[in-house]
Amino acid sequence: MNATEHTATVAPVQAPPHRLSVVVPMYNEIDNVKPMVDAVQDALKDYPHPWELVVVDDGSRDGTGLALQRHARTVGPHIRVVRLLRNFRQTAAMQAGIDAARGDVIVTLDGDLQNDPRDIPRLVARLLNDDLDLVAGWRKNRQDGFAMRRLPSMIANRLIRKTTGMQFKDLGCSLKAFRASVLKEVRLYGEMHRFIPAWLSTVTSPDRMAEEPVNHMARQFGESKYGISRTFRVIIDLLSVYFFMNFGSRPGHFFGAVGLGVGGLGTAILGYLAVLKLLGESIGGRPLLSLGFFCVMGGLQFLVTGVLAELLIRIYYDGSHARQYHALNAPALADNEGWHA
C-alpha cells in the first residue's frame, strides 16, 4: 500500500461523543504482544474520545499473558488484560472481552496484526453517523494463502449466506464495530464468533448492519490457528444458528410441527390398517403396523419435547445467563478510571 492509499484509508471522520472499547483475544501470540498493543496505541493516540484496550489471554502457554501484563504497565491503565485459566477457544475469549468492556462502542480485533487498527476510527464513525448496530470489516484484498485460508473462508461464507440470509461478503473478518447495548444482548457459545451478525439479527434488524472494506496484512509473527478443518465446524455450527435464528424463542413450534407431521403419518397408517382389519384382512404381520405404531409414539415424543423446550427457554430468558469461561483476573475499575483521553 502506498502513502496516498494509506492516507485516504485512515482519514479521520467526525463521530458523536462516545467511549470506545477495543477487544482483542490472543492465544500463544507472544511475539505479537508488543507490536499489537503498540499498533493500537499508535492508531488511537489522537482519538478525540475516551478509549480502552481490553486484551484477553486465552490460556496461552507461551508466556503471552505475562508479556501482556508487563507491557500494559508500561503503556498505561487504559490497557486492560483479562487472563483465562485455560484455553477456552476464541469465542469464549471474545465473550470475556465483551463482558469486561465498558465502552458505548465495542470493536473486536484479531491479535495477529493482520487486521489494521488504523481502520477502527472509520468503522466507528460509520457505525455512529449512520445510526447502525454493526459495521463489519471486509478484507477486500486478503493477504493469506489460498488453499489453507482463503478457500475455507470462501466456502464457509457461502454456506453462512445461504443458511442465514445475511449477505455479508466476509463474515470471518474479526474487525467489527458494534453498538455495545446491542452486542451485550446476545451471548456467544461454542464457535459462534463467526456468526455474530446472525446472532445480532435476533435482537436487531439486518438493515442496521453494514460492511466496510478494511486493510488486511500478511502475518508477520507466530502461526495461524486456522485451517481447512474449520469448514466442517462451520457446517455443524450452522445447524444451531439456523435453529436459533428461526425457533430460538419458540422451540415448541419446531418440535410441535415435526411431532404433528410424524404423528399424523402414523395415525394415517394405523387408520388405513384399521379399515383393512374391518374388511376382514389380517394386519398382524404387516410392517406398516410397526411403522404406524412407532410414528405415533415418535410424534408424541416430539410434542412432549416441544413442551419441555418451551419451559426451558422461559427459564433461560427469565434467569441469568451463565458464563462459559472462568477468568484468572478481570480488572475492576471505576467507571471513570482507566480511559485514554
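**A close look at one residue and beyond**

A: Arg89 has its place in helix H4, which covers residues 89-100 (helices, H or I of at least four residues, and strands, E of at least two, are DSSP runs numbered from the N terminus). The model is predicted, so local features need pLDDT of at least 70 and side-chain atom pairs pLDDT 80 or more, while totals for chains, interfaces and linings use all residues. Residues are numbered from 1 along each chain as its sequence is written, and side-chain values use heavy atoms, leaving out hydrogens and water.

Arg89 is not a glycine, yet its phi is positive, at about 80°. Most residues other than glycine have a negative phi. Arg89 is partly exposed, with a relative accessible area of 40% (buried means under 20%, exposed over 50%, partly exposed in between, with a 1.4 Å probe and protein chains only).

Asp131 also has a positive phi, of about 55°, although it is not a glycine. Asp131 sits in the loop between helix H5 (120-129) and strand S5 (134-139). Its relative accessible area is 42%, which makes Asp131 partly exposed.

Glu52, in strand S2 (residues 51-57), is buried, with a relative accessible area of 0%. The side chain of Glu52 forms a polar contact with that of Arg80, at 3.1 Å (a pair of N or O atoms within 3.5 Å; within protein, one must be able to donate a hydrogen and the other to accept it, and residues adjacent in sequence count only if both atoms are side-chain atoms). Leaving aside residues up to four places away in sequence, Glu52 touches residues including Leu20, His78, Arg80, Arg102 and Trp339 (contact means heavy atoms within 4.5 Å).

Ser249 lies in the loop between helix H9 (229-247) and helix H10 (251-278). Ser249 is exposed, with a relative accessible area of 52%.

Helix H11 (residues 287-318) supplies its largest share, five residues. Met297 is found in helix H11 and is partly exposed, with a relative accessible area of 37%.
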